[in-house]
Amino acid sequence: MNKGIWILLVIMAGAMLPIQAGLNTRMGKVLDSPSWATLISFIVGAFGMLAYVAVNREALILGSVKSAPAHLWVAGLLGAFYVTVMVLAFPRLGPALTFGLAVAGQLLISLLLDHFNVLVPHPHPINLYRILGILLIIAGVVIIRKF
């Protein structure tokens with residue numbers, strides 16, 4: 001696929017996050033437990049991924065799972081933390097502020113990962129324009145919060 005299609009897919013995936021948070025928040029209210037709502041979200045997602053790999057006939061080599069470094073397994077905990085925080089913050093802050101702050105946090109850590117060449121194939125050094133971009137996102141969050 002070309003870069004334009006990937007850009008569109010990423011925008012669509014990002015657009016799904018507030019919808020997911022809203023649905024998970026409602027599930028948390030129905031169950032009277034944000035934690036159970038998060039767990040159910042992950043279980044449903046796991047079944048969805050099982051169906052996806054089955055349809056695509058992707059093989060899993062158990063030896064490669066065993067050889068994965070321990071620190072890579074933290075990704076699942078990070079996902080659980082993220083979804084739980086979104087479920088808890090969404091009704092308190094609203095979707096615009098919740099995801100404005102989430103985007104600001106994502107861009108800030110992405111900038112650092114790029115600069116220090118951590119988890120990325122090629123470094124992309126911090127420069128004035130990249131810092132300006134982060135500041136504009138933070139300014140947008142402040143404006144959303146104020147109005």
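**Reading the model**

The protein chain exposes about 11200 Å², and carbon and sulfur atoms supply 76% of that; such areas come from the Shrake-Rupley method with a 1.4 Å probe, and for residues only the protein chains shown count as cover. Keep in mind that this is a predicted model, where local features need pLDDT of at least 70, side-chain atom pairs count only at pLDDT 80 or more, and totals for chains, interfaces and linings use all residues. Residues are numbered from 1 along each chain as its sequence is written, and side-chain values use heavy atoms, with hydrogens and water left out.

Q: What makes up the secondary structure of the protein chain?

A: The protein chain has 6 helices and 0 strands, running α-α-α-α-α-α from the N terminus on. Helices (H or I, at least four residues) and strands (E, at least two) are DSSP runs, numbered from the N terminus.

Q: Why is D114 called buried?

A: Buried means under 20% relative accessible area, exposed is over 50%, and partly exposed is in between (1.4 Å probe, protein chains only). D114 comes in at 18% relative accessibility, so D114 counts as buried. You'll find D114 in helix 5 (residues 95-115). Of the 147 residues of the protein chain, 17% count as buried.

Q: What does D114 touch, not counting residues up to four places away in sequence?

A: D114 touches V120, P123, H124 and R130 on that count. Contact here means heavy atoms within 4.5 Å.

Q: Which residues make up the largest nonpolar core?

A: That core has 5 residues: A21, M86, F90, F99 and A102. Helix 4 and helix 5 each supply at least two residues of this core. A nonpolar core is a set of buried Ala, Val, Leu, Ile, Met, Phe, Trp, Tyr and Cys residues joined through side-chain atoms within 4.5 Å.

Q: How many cavities of 30 Å³ or more does a search of the whole structure find?

A: The search finds 1, and the largest cavity has a volume of about 30 Å³. On a 1 Å grid over the protein atoms alone, a cavity is a set of points where a 1.4 Å probe fits but cannot get out, and lining residues have an atom within 4 Å of a point. Grid points are joined across faces, edges and corners, and the volume is the space filled by probe spheres set on the points.

Q: Which residues line the largest cavity?

A: L17, Q20, A21, N24, Y82, V83, M86 and F99 do. The largest share, 4 residues, comes from helix 1.

Notes:
On a 1 Å grid over the protein atoms alone, a cavity is a set of points where a 1.4 Å probe fits but cannot get out, and a pocket is an open set with protein on both sides within 12 Å along at least five of seven lines; lining residues have an atom within 4 Å of a point.
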